[in-house]
Amino acid sequence: MKKITPASLSEIQQVTSWVTSEEDCRLWAGPKLAFPINFKTLPVEMDIEDSDSYALYDGDDLAGFGQLKRKGKERVHLARIIISPEHRKKGLGRILVGQLLEKGRQKGCIRASLNVYKGNRAAHWLYASLGFEILERPNSDQALNGSHYMECRLISK
Ligand SMILES: CC(C)(COP(=O)(O)OP(=O)(O)OC[C@H]1O[C@@H](n2cnc3c(N)ncnc32)[C@H](O)[C@@H]1OP(=O)(O)O)[C@@H](O)C(=O)NCCC(=O)NCCS
């Protein structure tokens with residue numbers, strides 16, 4: 001059974017070991033997380049206090065991670081989605097994002113959003129296949145150079 005559970009700081013630290021270059025780090029977490037990753041500044045740089053962090057397990061293996069942040073009354077924002085390198089391309093990214101969207105629904109949100117860098121084909125493909133569309137970023141969200149803002153509806157119209 002593959003299920004997301006709230007992630008501890010030590011699980012988050014494990015997840016960072018999957019990121020081995022500055023470019024991978026930027027594609028995963030944006031410009032706020034410095035590389036090499038520093039465990040002292042990590043909680044602030046990853047917005048851990050103000051986000052819900054989730055770990056995805058495949059059996060006993062920590063296989064994925066993602067965060068949710070409420071943006072206003074209707075929207076939940078997904079961030080820092082990652083599947084461990086050895087678990088990629090097996091459908092776990094789809095399971096992880098699907099379960100994060102379900103959490104958003106349970107929180108009463110009707111839209112989910114995320115940012116994805118334009119060159120990140122794997123992530124873009126995954127999000128598009130789950131119904132995310134590229135939209136104009138709301139003024140309330142911080143600009144992120146070189147990225148697309150995407151949204152999907154959590155309940156049908
Ligand atoms: C993006 C990421 C989470 C996808 O996880 P994954 O477990 O490999 O994805 P899945 O196996 O669930 O694949 C989902 C879809 O994406 C497609 N996909 C996955 N990797 C792909 C790749 N490298 N190129 C093209 N398409 C790809 C799959 O074909 C699949 O579509 P399908 O079901 O129609 O075949 C993973 O590549 C990752 O962790 N990347 C590094 C971190 C990152 O960039 N995070 C995104 C931040 S916005």
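The cover over the buried residues of helix H1 includes strand E1 (2–6), helix H2 (22–29), helix H3 (42–45), strand E2 (52–58), strand E3 (61–71) and strand E4 (75–83). Contact here means heavy atoms within 4.5 Å, and helices (H or I, at least four residues) and strands (E, at least two) are DSSP runs numbered from the N terminus. The model is predicted: local features need pLDDT of at least 70, side-chain atom pairs count only at pLDDT 80 or more, and totals for chains, interfaces and linings use all residues. Residues are numbered from 1 along each chain as its sequence is written, and side-chain values use heavy atoms, with hydrogens and water left out.

H1 itself spans residues 9–16, and its buried residues (under 20% relative accessible area, 1.4 Å probe, protein chains only) are Glu 11, Ile 12, Val 15 and Thr 16. These residues lie on the same side of H1, because they cover an arc of only 145° around the axis, taken from the directions from the helix axis to the C-beta atoms. In an α-helix there are 3.6 residues a turn, so residues three or four places apart point the same way.

Along the sequence, the protein chain runs β-α-α-α-β-β-β-α-β-α-β-β, which comprises 5 helices and 7 strands. Its C-alpha atoms fill a box of roughly 40 × 35 × 30 Å along the principal axes.

Of the 157 residues in the protein chain, 43% are buried. Among contacts with a separation of 6 or more, 59% join residues 24 or more positions apart.

Technical notes. Buried < 20%, exposed > 50% of the residue type's maximum accessible area, 1.4 Å probe, protein only.
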